[in-house]
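Work through the exercises below with the sequence and the model at hand. Each task is followed by a stepwise solution.

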Amino acid sequence: MLSSRTIVSYVARCVFSKHALSVARVQSTSAGAEAAKTAILRASLQHIPKLGWSVNTLKAGARAVGLELNEDHFPGREWDLVEYFEKKCNADLVRHMQQMRTEDEASKSKSKFVETALEHRLRMLIPYMEQWPQAMALKVYPSATIPALERLALMVDDIWYWAGDRSTDFNWYTKRALLAGIYTSTELHMVQDKSSDFRETWCFLDRRMDDVKTFAKYRGQMDAMLNSSCEIVNSSISTLKNAAGYNLWWR
């Protein structure tokens, strides 16, 4: 006859096994759904020039990979497509910058490295340029603004990091804010640019990068002036103390 402990142990193993199997099935289903979503988003990109950033584009992407679009997996609808595209572009940019660091590009100045990286990232928009104003409009929706700004912040941080910037003071914030402004203003210029190969956009970008160089120059001058001023003040204080006899007790 089986003891009560043996029975309890057997029941526990059965319950645990069923629970583990249930969890595994849920995880497998979730992973499968995420893989299907990614496949649809990837396939949808080729349909953007014709259908824009729309649910119809997602449906065309689903048909292209032999799947049926489950809109429950795309709560943001066309916004999900914009988000996927920008994340993909930012990941591609990081890989490109890693390659740049291993080639002759690494010998360039930080500002030139940054400008080259910005141009490379902006060129990723060219196949979708006619439809990009629609994507920009989607990014200002209340539910989309914060995620869009987060991606922009991560992108400019990656650019400065791979350019060799390791600042930990207030410059860290200043440089990233400047670069985010440069990228955004150049992006706005680019959607209106009708010149060959967006030549006017790259000239605009070059001028904006000159602003960064100017800021860095004057920031260095201001730091030097501040340090010099501090030394003068400290020297003056010491002189006044000596004149007043406050330092006599050190002797």
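**Exercise 1.** In this predicted model, classify W172 by its relative accessibility.

Solution.
- Step 1: The relative accessibility of W172 is 31%.
- Step 2: Buried means under 20% and exposed over 50%, so W172 counts as partly exposed.
- Step 3: W172 lies in helix α8, residues 171-190.
- Step 4: Together with F170 and Y173, W172 forms a nonpolar surface patch with about 370 Å² of accessible area.

**Exercise 2.** Find the salt bridges of E83 with K87 and with R151, and place each pair in the chain.

Solution.
- Step 1: The side chains of K87 and E83 meet at 3.9 Å, N to O. Both residues sit in helix α4 (residues 78-102), and because they are 4 residues apart, about one helical turn separates them.
- Step 2: R151 also forms a salt bridge with E83, with the closest N and O atoms 3.8 Å apart. This pair links distant parts of the chain, R151 in helix α7 (residues 142-162) and E83 in helix α4, 68 residues apart.
- Step 3: E83 is partly exposed at 22% relative accessibility, while R151 is buried at 6%.

**Exercise 3.** Describe the salt bridge between E187 and K139, and name the network that contains this pair.

Solution.
- Step 1: The closest N and O atoms of E187 and K139 are 3.7 Å apart.
- Step 2: E187 lies in helix α8 and K139 in the loop between α6 (132-138) and α7, so the pair ties together parts 48 residues apart in sequence.
- Step 3: Both E187 and K139 are buried.
- Step 4: Through shared partners, salt bridges join E83, E86, K87, K139, R151 and E187 into one network.

Definitions and conventions. Residues numbered from 1 in each chain as written. Predicted model: local features only at pLDDT ≥ 70, side-chain atom pairs only at ≥ 80, totals over all residues. Heavy atoms only, no water. Patch = residues over 30% accessible without salt bridge, like charges linked within 9 Å, V, L, I, M, F, W, Y side chains within 5 Å. Areas by Shrake-Rupley, 256 points an atom, 1.4 Å probe, with all protein chains shown as cover. Salt bridge = Lys/Arg side-chain N within 4 Å of Asp/Glu carboxyl O. Helix = DSSP H or I, 4+ residues; strand = E, 2+ residues; numbered from the N terminus. Buried < 20%, exposed > 50% of the residue type's maximum accessible area, 1.4 Å probe, protein only.
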